[in-house]
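Below is a short report on one predicted model. It moves from a helix to a strand, then to a loop residue and a ligand shell.

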Amino acid sequence: MGKIIAVANQKGGVGKTTTAVNLAASFAAMEYNTLLVDADPQANSTSGLNLDPKEERKSIYNCMVEDINVSDIIINSEYDYLDIIPSHIDLVGAEIEMIDIEDRETRMLKALEKIKDSYDFIIIDCSPSLGLITVNALTAADSVIVPVQCEFYALEGLDKLLNTVKLIQSRLNPNLLIEGILMTMYDTRLRLSNQVVEEVKKHLNDLVFDVIIPRNIKLSEAPSFGVPVIAHDAVSKGAVCYLNLAQEILTKNNIPVKA
Ligand code: ADP
Ligand code: MG
């Protein structure tokens with residue numbers, strides 16, 4: 001039974017896409033069957049796996065708004081164990097088109113349910129908003145990872161996100177768990193980075209992952225080559241940290257290591 005993990009934060013530029021792509025690639029490298037769902041019209045996860053987002057192809061939008069079978073839109077990536085449902089700028093329209101349709105919050109859930117058993121992990125990269133597509137993602141998900149950038153305003157907006165999670169839990173998805181808050185772009189040279197981690201831990205200690213993602217040039221370079229960091233530089237700090245994050249999630253969930 002696949003575990004669906006949404007990567008969400010309504011703030012842009014906090015490391016959602018970097019986390020979604022590299023966590024998915026890490027699980028795949030560990031031979032877990034993994035599907036990456038790009039649920040952001042900006043389609044950065046899509047181009048991060050070397051697919052041209054401008055190309056006409058079906059996206060999760062078509063499964064939510066039309067009755068298209070999700071297995072028909074899955075694309076095999078260049079990597080073993082890693083598939084992707086790409087995004088397309090059309091997804092912008094989905095928010096508006098879905099306003100009037102029935103069960104508008106559970107469309108993604110219904111689409112993904114059909115293929116959940118074919119994967120060990122399904123990772124959803126959300127857009128920087130708490131709009132209807134993100135609500136769909138959180139309703140479909142078993143858990144959510146919240147990347148938080150190690151910067152001065154880190155905690156700002158986090159309350160709003162955690163409240164949204166509570167709302168989804170009470171109205172749409174009682175089983176939604178917070179997989180963890182992931183501190184990203186940690187800069188060892190900056191005292192501020194450390195202060196931010198301390199501050200977030202002070203408020204939300206139990207929820208914060210042990211693994212902290214450092215600011216790492218290889219992580220920011222990899223998307224320009226259309227590859228996950230593990231394929232760009234497998235021994236870089238960024239690659240190792242995302243593998244460690246995958247391992248932390250496996251351990252936390254008592255998921256056995258693949259033979
Ligand atoms: P989001 O999806 O939340 O908008 P991204 O993952 O796209 O955020 O990250 C924003 C920018 O920061 C991107 O250019 C990305 O390459 C870069 N970035 C993200 N995480 C790191 C990191 N740990 N080290 C260096 N650059 C990073
Ligand atoms: Mg993104």
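In α6, the buried residues are Ile133, Thr134, Val135, Asn136, Ala137, Leu138, Thr139 and Ala140. The helix is mostly covered, with eight of its nine residues buried. A residue is buried if 20 or more other C-beta atoms lie within 10 Å of its own, exposed if 12 or fewer, and partly exposed in between; C-beta atoms are placed from the backbone. Helices (H or I, at least four residues) and strands (E, at least two) are DSSP runs, numbered from the N terminus.

This is a predicted model: local features need pLDDT of at least 70, side-chain atom pairs count only at pLDDT 80 or more, and totals for chains, interfaces and linings use all residues. Residues are numbered from 1 along each chain as its sequence is written, while chains are lettered from A and ligands numbered from 1 in the order in which they are written.

Strand β2 covers residues 34–39, and six of its six residues are buried. Thr34, Leu36 and Asp38 point one way; Leu35, Val37 and Ala39 point the other way. In a regular strand the side chains alternate between the two faces of the sheet. β2 pairs with two strands, where pairing requires that DSSP finds at least two bridges between them.

| Partner of β2 | Sense | Bridges | Residue pair |
|---|---|---|---|
| β4 (residues 82–85) | parallel | four | Leu35 and Asp83 |
| β5 (121–126) | parallel | six | Thr34 and Phe121 |

Ser129 sits in the loop between β5 and α6 (132–140). Is Ser129 buried or partly exposed? Ser129 counts as partly exposed because it has 16 C-beta neighbours inside 10 Å. Leaving aside residues up to four places away in sequence, Ser129 touches Gln10 and Thr134. Contact here means C-beta atoms, placed from the backbone, within 7 Å. Ser129 and Asp40 are 89 residues apart along the chain, yet their C-alpha atoms are separated by 9.3 Å.

Now the ligand. Ligand 1 is surrounded by 17 residues, the closest being Gly15, Lys16, Thr17, Thr18 and Ser220. The elements giving two or more residues to this shell are α1 (16–29) and α9 (217–221). α1 gives the most, with three residues. A residue is near the ligand if its C-beta atom, placed from the backbone, lies within 6 Å of it.

The UniProt record, an unreviewed entry, places the feature "domain: AAA" at residues 3–177. The end C-alpha atoms of that span lie 11 Å apart, and the span is 35% helix and 18% strand.

Methods
Two residues are in contact if their C-beta atoms, placed from the backbone, lie within 7 Å. UniProt positions are given in the numbering used here, feature names are shortened, and annotations may be inferred rather than shown by experiment.
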